Amino acid sequence: MTAAARPTRPESVVVVGAGQGGFQTAASLREHGYPGPITLISAEDALPYERPPLSKTYLMGEADESQLWLRPATYYVRRSIDLVRGTVTGIDPVARTVRLADGSGYGYGHLVLATGARPRTLGVPGAGLRGVHVLRTAEDAVALRASLASARHAVVVGAGFIGLEFAAAARESGCEVTVVEALDRPLARTVSARTAGHFARLHRSKGTRLLCGQGVAALHGDRRGAVTAVELADGRRLPADLVLIGVGVTPRTELAAAAGLAVGDGITVDSRLLTGDSHISAIGDCAAFPQVRSGDLRRLESVQNAVGHARLVAARLTGAPGSYEEAPWFWSDQFSTTLQIAGHADGHDEEVLLGDGPRAFSVLLFRGGTLLAVESVNRPVDHLAARRLMQPGAGLTLDEARGEGFSLQDHVANRSGGYAGSVG
Amino acid sequence: MPEITYVAVDGTACSVEVPLGTSVMRGAVFNDIDGIVAQCGGNAQCATCHVYVDETSLDALEQAQPEEEHMLGFTAADRLPNSRLSCQLKVTGALDGLIVHLPERQY
């Protein structure tokens with residue numbers, strides 16, 4: 001056996017970033033019995049927490065901060081996970097150390113970059129005014145919640161998941177809400193036109209103004225520096241005392257780039273989530289990894305992706321290497337509607353609609369006869385069946401889907417003997 | 001605060017007080033009790049907070065909603081008649097003394 005083929009058990013693991021992926025790496029390492037030192041470096045003061053409620057229940061004040069924690073403080077102590085607060089300023093891949101802003105340094109046998117992403121900002125005048133928010137961290141959510149408590153006119157720039165989830169929360173708290181989207185429909189990059197149309201109608205039926213195909217030229221404020229209006233590209237001005245910028249995120253790749261690692265839209269990794277340096281992995285929102293079907297490098301922003309990546313890396317570091325082949329899934333709650341997506345829609349050429357009502361349906365998206373993704377609106381059973389269908393070896397043809405009385409759950413149940421693993 | 005008892009696969013029982021209004025899932029996570037993963041954070045999206053409710057406690061619970069019912073079809077350990085998702089079990093006074101058994105695996 002050569003040295004390279006021997007399962008590696010690094011003498012210490014350092015994880016940069018304590019979001020869902022970073023946390024899970026540490027947790028899974030201990031679950032797999034990894035005995036060495038684990039250092040989890042967080043740039044935030046809070047204990048590692050989950051993000052989905054930040055644009056939902058937490059924003060509405062229905063949950064306090066401790067309810068967001070992934071685990072209590074004792075968890076880290078009991079498992080000897082060294083949770084370090086600090087900002088990493090550099091990686092030395094030769095000496096295998098990371099340096100922190102306070103001058104401290106940590107040596108690693110293996111380094112896991114779980115640096116996540118930061119919200120994109122709007123490059124227009126006035127973007128720095130008070131009352132203009134982004135939503136990524138618990139701190140952002142606290143500021144936004146405080147702003148929302150007294151806001152009367154909220155303007156949301158960007159009709160993606162964050163923008164629409166916030167818009168729903170703001171509307172429910174009695175605010176007048178306008179959503180401004182540069183593209184011609186909401187969720188244009190993530191869902192089919194049919195599903196997007198459903199959400200456009202949903203928000204409009206709740207009294208939200210949705211302006212598509214509309215750019216923002218500037219934000220205006222009063223003498224005290226608080227935002228008062230949003231100026232659109234066509235010159236119209238919308239009154240606003242709260243503005244949420246939800247125009248996507250940029251992966252945090254600076255550390256990786258400075259360390260000489262390959263970086264594109266995300267830190268480039270192979271199917272094992274390894275960078276070009278065999279001592280450094282990258283996971284979650286910041287990692288661009290090869291897709292199973294196409295081989296294209298892609299970043300995915302989801303809890304499931306971060307957790308799946310973390311588990312794979314932890315398994316590799318404890319002697320069970322594998323490739324990342326999990327199909328993605330996502331969800332979004334807006335008003336009392338739940339959208340669940342399994343797979344990744346990318347240039348579909350055929351779609352099949354399941355369901356008998358306008359409020360609950362699933363859209364199956366195919367390309368070249370291959371199922372790419374299933375979008376389910378208030379059809380959780382379809383979604384769960386779809387997650388099984390996305391696993392390697394599972395399949396569904398266009399003709400089967402178009403068959404009289406076709407049901408996703410029956411299809412999966414009838415073929416369940418052929419599918420390995422479980423949804424979860 | 002209602003007291004809830006979590007029984008591990010090896011029979012080890014752990015009783016903790018869980019605040020009203022949270023969930024049986026949160027009660028486990030907050031108290032660092034192994035065996036509940038709750039990957040989706042309590043949104044009935046992942047079926048990794050599966051528990052078996054002790055026979056003596058079944059009457060205290062309300063029926064599962066359809067979403068929970070469907071999700072229970074996707075648990076990693078066998079689904080039994082007393083299977084529930086702990087994220088969907090809201091802690092009320094009626095749950096004082098609840099006993100749940102943790103499955104051998106969640107994923």
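Over all chains of this predicted model, the count of salt bridges comes to 20. One of them is formed by the side chains of Arg26(B) and Glu50(A), with 2.6 Å from N to O. Arg26(B) belongs to helix 1 of chain B, while Glu50(A) sits in the loop of chain A between strand 2 (38-42) and helix 2 (73-78), so this pair joins two chains.

The boundary between these chains holds further links. Across the interface of chain B and chain A there are four salt bridges. Asp32(B) and Arg79(A) also form a salt bridge, and their closest N and O atoms are 3.2 Å apart. On the side of chain B that touches chain A, helix 1 (24-30) and helix 2 (66-71) of chain B each supply at least two residues. By class, the residues on that side of chain B are ten nonpolar, nine polar and four charged.

How much area do chain B and chain A bury between them? The size of an interface is often given as the accessible area lost when the parts come together. For chain B and chain A the buried area is about 2,300 Å², and 49% of it lies on carbon and sulfur atoms. Of the area that chain B buries against chain A, 33% comes from Gln39(B), Gln45(B) and Phe74(B), more than from any other three residues. The contact draws 23 residues from chain B and 33 residues from chain A.

Within chain A, a pair of helices can be followed in the same way. Two packed helices are described by the angle between their axes and the distance between the axes. Helix 1 (residues 20-31) and helix 7 (residues 303-317) of chain A pack at an angle of about 35°, and their axes are 8 Å apart. Their crossing is right-handed. In helix 1 of chain A the residues in contact include Gln20(A), Gln24(A) and Leu29(A), and in helix 7 of chain A they include Val303(A), Ala310(A) and Arg311(A). This contact between helix 1 and helix 7 of chain A has seven nonpolar, five polar and one charged residues.

Methods: Residues are numbered from 1 along each chain as its sequence is written. Chains are lettered from A and ligands numbered from 1 in the order in which they are written. This is a predicted model: local features need pLDDT of at least 70, side-chain atom pairs count only at pLDDT 80 or more; totals for chains, interfaces and linings use all residues. Side-chain values use heavy atoms; hydrogens and water are left out. Axes are lines fitted to C-alpha atoms, for helices over the stretch in contact, and angles run from 0 to 180 degrees between N-to-C directions. Helices (H or I, at least four residues) and strands (E, at least two) are DSSP runs, numbered from the N terminus. A crossing is left-handed if the near helix is turned anticlockwise from the far one by less than a right angle, and right-handed if clockwise. Contact means heavy atoms within 4.5 Å. Ala, Val, Leu, Ile, Met, Phe, Trp, Tyr, Cys and Pro count as nonpolar, Asp, Glu, Lys and Arg as charged, and the others, Gly among them, as polar. Buried area is the accessible area (1.4 Å probe) that two parts lose on being put together, summed over both.
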